[in-house]
Structure formats: structure tokens, C-alpha cells
Amino acid sequence: MNVPSNRMIWNMTRKCNFRCEYCYFPHDNTPVTETLDAERISGFLDATGKPWKVGLTGGEPFIYPGIIDICETLTRNHVIGIDTNLSVSSKVREFAERIDPARVHNLYVALHIEERERIKGVDAFIRNARLLLDKGFEVIVNYVVHPSLEERFARDRAFFAEHGIAITPRPFRGEHEGRRYPEAYGDRADKVFGGHPEQGKKVAFNFQGLPCSAGRTLLRLEPDGTVFRCPGDKTVLGNVMDKVHLYEGFPPCTKKRCPCRGLDHVRLTYAQADLVRGVQYAVVAANEDSRLAFEQALAGSPGNPCAENNLGVLAWRRGERDEARQWFESALKLVPDNRLYVANLDGARSQHPDFDPQICLDVNANARPD
């Protein structure tokens with residue numbers, strides 16, 4: 001499928017019929033009452049003169065009133081993708097019958113195995129996933145490998161493979177027991193994400209100050225129709241039920257954490273792209289590829305403290321303690337007030353057995369994190 005480069009992420013609702021322990025939304029399974037007119041949304045997109053991919057997300061999109069009608073409306077001239085737990089079987093069956101698979105980029109399906117087991121929904125999940133696959137939809141079943149689930153992941157993957165359903169490990173993003181993920185998987189990542197290098201892209205980089213086309217080629221639509229520049233930048237561009245004023249050009253990114261799709265819209269130098277690539281490799285423990293990328297970033301941008309810090313992380317993983325300390329010292333000398341570099345150097349000096357140095361995500365060498 002030729003996926004449009006212009007993307008709008010429609011956060012349809014924050015309500016969901018699941019209550020996953022690690023979810024950042026409070027559980028709310030009451031009926032969705034705040035709805036938008038899909039014809040107005042489609043008309044807004046049509047008026048830009050360009051094709052769009054509309055990502056339907058939440059919460060759970062299949063509990064949204066009229067969801068199948070909405071999908072039909074949007075797919076007349078555009079492409080959709082859906083983030084779903086695939087648990088509302090009646091809607092899944094209707095979707096499979098009425099929607100053209102050629103107009104659906106993919107269904108990004110969250111397994112959430114513990115919640116699925118709690119509601120005794122594993123068998124229904126297998127039926128729904130197989131129905132969509134057999135109809136020709138691309139179904140990506142992702143498994144959030146929360147640190148508490150690392151030990152059972154391989155077992156679950158084998159079980160679903162027996163039913164012809166491939167499971168893609170998805171990194172947990174957030175804090176757990178005082179450590180930041182996905183970076184904190186460290187070398188354990190190879191066991192989990194080996195064969196899935198694309199999962200290294202699930203990182204919230206700091207693009208602050210870099211030119212970005214978000215607000216023109218990337219939008220965030222809220223449940224009440226408000227349009228934000230992007231998922232991270234809550235600058236209001238208008239309301240899709242009234243008027244929306246899109247940005248022009250590439251205004252600089254204003255946020256220190258880019259939660260979604262930023263790499264498709266930010267403009268990077270070659271050295272910055274090498275740094276990003278190095279982080280993506282490091283997250284999935286492709287350490288040698290990561291080292292080469294960081295070295296290329298340094299060659300293109302000598303004295304880049306983020307690349308130096310990250311080379312220190314890789315040296316620590318290899319057991320090269322002295323080399324790691326030297327890299328951390330060099331990075332901190334360049335940016336003396338950077339708390340991440342301070343923590344890495346202090347930890348390296350202490351040589352505590354549980355010390356796990358953290359990767360730097362500051363793509364802009366001039367960025368100064370809080």
C-alpha cells in the first residue's frame with residue numbers, strides 16, 4: 001500500500017473497556033457520548049488537496065458510536081489505521097464485512113495478555129484476528145513487554161503462533177521501579193526484540209529546536225474536535241468542526257519529548273540521523289551497529305555530548321569500565337549541568353552491580369534537558 005505522508009492522529013476517546021495495569025489513562029468503560037461528525041473531518045482533509053492517513057486511536061476506537069460508518073466515510077478518499085484491542089467482536093465482524101482492506105493501512109492490535117486472560121477473551125481474540133487476516137487486512141498484533149512480562153513473552157508468542165498469529169514485541173515506555181524504559185532493557189533487549197529491530201523506533205526523542213513540518217503534515221485531533229500541532233505540541237490550530245489554520249514551512253519543535261511519529265516529519269542533519277539510528281539500535285541491544293552509528297554521528301558532529309555519553313553506555317555493556325568513564329567524563333565536561341551525564345558518571349565511578357547507564361535522547365546537540 002502507498003501510505004500517504006500526511007497523517008492525522010484522531011484520539012477518538014480516552015475511554016476503554018480494558019483496564020491494563022500499566023496504561024497511562026484512567027480506566028473508564030462508560031459509554032462514549034462526545035462524538036464528531038466524520039463527514040466534517042473528511043471534508044477538512046479533502047480541502048487540503050492531499051491524501052491523508054487517519055490513525056484512529058484512543059482509548060478503544062471500536063466502542064465509539066458509529067465506528068464502522070466513520071471508517072466508511074474516511075476511506076472514501078483517505079486511508080485509515082486503527083489502534084485497537086480487538087475485543088468488541090460484533091464490531092470487528094461488521095468492520096471485516098464492510099470495509100475495504102485496500103483502504104486500511106493496518107490494524108495495530110494490542111494483545112494485553114493479562115487483561116485478555118482476566119476477561120476470558122483469548123479464544124475470541126484468536127477468532128477475531130484470524131477473521132481479519134483471512135479477509136486480507138494487515139494485522140499487527142503487539143505485545144507490550146512490560147518488565148513484569150519479560151519472562152513469559154516467549155511462551156505466549158509460541159502459543160499464538162500455533163494459531164497462525166504472529167506476535168510483535170512492543171517496548172514498554174515509561175518508568176518502572178525507578179528506571180526509564182525502553183532504554184532500561186539494556187542487553188536483555190536482544191532476547192526480547194531480536195528479529196524485531198523496528199521496535200527500536202519506539203523512543204521519545206528530544207527534537208527541541210529542530211525544524212519540523214508537524215502542524216502541516218502531522219496533526220492531532222482531540223475528542224472535542226480541537227486540532228493540535230502534534231501529539232506532543234498542544235498548540236491549538238483550530239477546531240475541525242469550525243476552522244483550522246495549518247502551519248507553513250518547518251517551524252522548530254518546541255517539546256523535549258516527541259511521543260509519536262516525529263521522525264517522519266522532523267528535518268535532521270546526517271549526524272543527527274546517525275545519532276537517532278544509534279539509539280534505535282541500542283534500545284534493541286544491536287550494540288555493534290549502535291556503536292558504528294554513534295561513531296558516525298561524532299565524525300559528522302565532533303564533540304557531540306549525547307553521542308559521547310551513548311558510546312559510554314555501550315562500553316559499559318561490553319565491560320569496558322575505564323572507557324565508559326572516559327566517555328561520561330567527556331560528555332559532562334561539554335555540558336556540566338546535564339543530570340543524565342552526572343548520574344552516568346557517578347554510577348560508573350561507584351561500579352554498583354545494579355548500575356545501568358542511561359542512553360541520551362537529545363538529537364539536537366544544543367538541547368539542554370531539565
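Modeller: The account below treats the domain contact and then the cavities. This is a predicted model, in which local features need pLDDT of at least 70 and side-chain atom pairs count only at pLDDT 80 or more, while totals for chains, interfaces and linings use all residues. Residues are numbered from 1 along each chain as its sequence is written, and side-chain values use heavy atoms, with hydrogens and water left out.

The domain assignment gives domain 1 (7-194) and domain 2 (270-350); such bounds come from an automatic or database domain assignment. The C-alpha centres of domain 1 and domain 2 lie 34 Å apart. To the contact (heavy atoms within 4.5 Å), domain 1 gives 8 residues and domain 2 gives 6 residues. Between them the two domains bury about 580 Å², of which 56% is on carbon and sulfur atoms; buried area is the accessible area (1.4 Å probe) that two parts lose on being put together, summed over both. On the domain 1 side, G186, D187 and F193 lose the most area to domain 2, together 49% of what that side buries. Between domain 1 and domain 2 the count of salt bridges is 0, a salt bridge being a side-chain nitrogen of Lys or Arg within 4 Å of a carboxyl oxygen of Asp or Glu.

A cavity is a set of points on a 1 Å grid over the protein atoms alone where a 1.4 Å probe fits but cannot get out, and lining residues have an atom within 4 Å of a point. The largest cavity has a volume of about 100 Å³, a volume being the space filled by probe spheres set on the points, which are joined across faces, edges and corners. Of the 16 residues that line the largest cavity, C212, A214, C230, C253 and C258 are the closest to its centre.

Key:
1 Å grid on protein atoms, 1.4 Å probe; cavity = no way out; pocket = protein on both sides within 12 Å on 5 of 7 lines; lining within 4 Å.
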